[in-house]
Amino acid sequence: MTRYADDAVVGFQYRQDAERFLTALTARLATFALQLHPEKTRLIEFGRFAARNRARRGQGKPETFTFLGFTHICGVTRTGRFQLRRNTSKKRMRAKLTEIKDTLRRHWHKPIAEQGAWLCSVLRGSYAYHAVPLNGRRLEAFREQVKWLWLRVLRRRSQRHRMTWERVERLARRWLPHPRILHPWPDARFAVTHPR
């Protein structure tokens, strides 16, 4: 069971156990006049054998789920083994880009260096949370979108702007860091030993 505040993901080996747990949890919450959110609560087949079992039944790919800003996907390695993929959720990325766009519009008159320093801190903060293994493409796409938003704001500062894409590329090299995967793979994270 993985829980954060009132959101939780509970995994079971067998579907019957999951159905029994959901029934018991629904009844337990009802005694306190609470209920599970009907749109957010669902049973899905997920894990190592999900793709194989669904293919045998003639169903499509395994379902995905979003939890704590990541979309969790049943993936495979190059050798065909199961691999959990976590990508930044589209909803979270869209919301962050909208927030950046609104802030840039309010501060479009500020010096380029000040805007660049702010965007740098925003990107570093986003990378600190979302830089998990196999999420590099999504982070690079986020950086590209931030670059486009910055170009549009810089072009609106003057009717006769000289802000070319090449100049924005130079500014991005100066101010917008490229993403790096900061979080270890799960097997490395749990294999930590203390020096004492």
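## Basis

The model is predicted, so local features need pLDDT of at least 70 and side-chain atom pairs count only at pLDDT 80 or more, while totals for chains, interfaces and linings use all residues. Residues are numbered from 1 along each chain as its sequence is written, and side-chain values use heavy atoms, with hydrogens and water left out.

Helices (H or I, at least four residues) and strands (E, at least two) are DSSP runs, numbered from the N terminus.

Two strands pair if DSSP finds at least two bridges between them. Strands of a sheet pair through backbone hydrogen bonds.

S3 and strand S4 (residues 70-76) share 3 bridges. Phe-65 has His-72 as its bridge partner in S4. Phe-67 is bridged to Phe-70 in S4. S4 and S5 share 7 bridges. Here Thr-71 stands opposite Asn-87 in S5, and Phe-70 has Thr-88 as its bridge partner in S5.

## Two hairpins

S3 and S4 form a hairpin with 2 residues between the strands. Leu-68 in this hairpin takes a positive phi near 55 degrees. S4 and S5 form a hairpin too, with 5 residues between them. In that turn, Gly-80 has a positive phi of about 95 degrees.

S4 is largely enclosed by the rest of the structure, because 5 of its 7 residues are buried. Buried means under 20% relative accessible area, exposed over 50%, and partly exposed in between (1.4 Å probe, protein chains only).

His-72 is found in S4. With a relative accessible area of 10%, His-72 is buried. Not counting residues up to four places away in sequence, His-72 touches Phe-46, Thr-64, Phe-65, Phe-67, Leu-84, Arg-85 and Arg-86. Contact here means heavy atoms within 4.5 Å. Gln-13 is 59 residues from His-72 along the chain, and their C-alpha atoms are separated by 18 Å.

## Helices H5 and H6

The axes of helix H5 (136-156) and helix H6 (residues 165-175) come within 10 Å and cross at roughly 125 degrees. That makes H5 oblique to H6. Axes are lines fitted to C-alpha atoms, for helices over the stretch in contact, and angles run from 0 to 180 degrees between N-to-C directions. Angles under 35 degrees count as roughly parallel, over 145 as roughly antiparallel, 65 to 115 as roughly perpendicular and the rest as oblique.

H5 residues in the contact include Trp-148, Trp-150, Leu-151 and Leu-154; among those of H6 are Trp-165, Val-168, Leu-171 and Trp-175. By class, this contact has 9 nonpolar, no polar and 6 charged residues. Nonpolar covers Ala, Val, Leu, Ile, Met, Phe, Trp, Tyr, Cys and Pro; charged covers Asp, Glu, Lys and Arg; the others, Gly among them, are polar.

## Positive phi in two loops

Most residues other than glycine have a negative phi. Ala-33 has a positive phi of about 60 degrees. Ala-33 sits in the loop between helix H1 (15-30) and helix H2 (50-56). Ala-33 is exposed, at 71% relative accessibility.

Leu-134 has a positive phi of about 75 degrees. Its loop runs between helix H4 (112-130) and H5. Leu-134 is partly exposed, at 27% relative accessibility.
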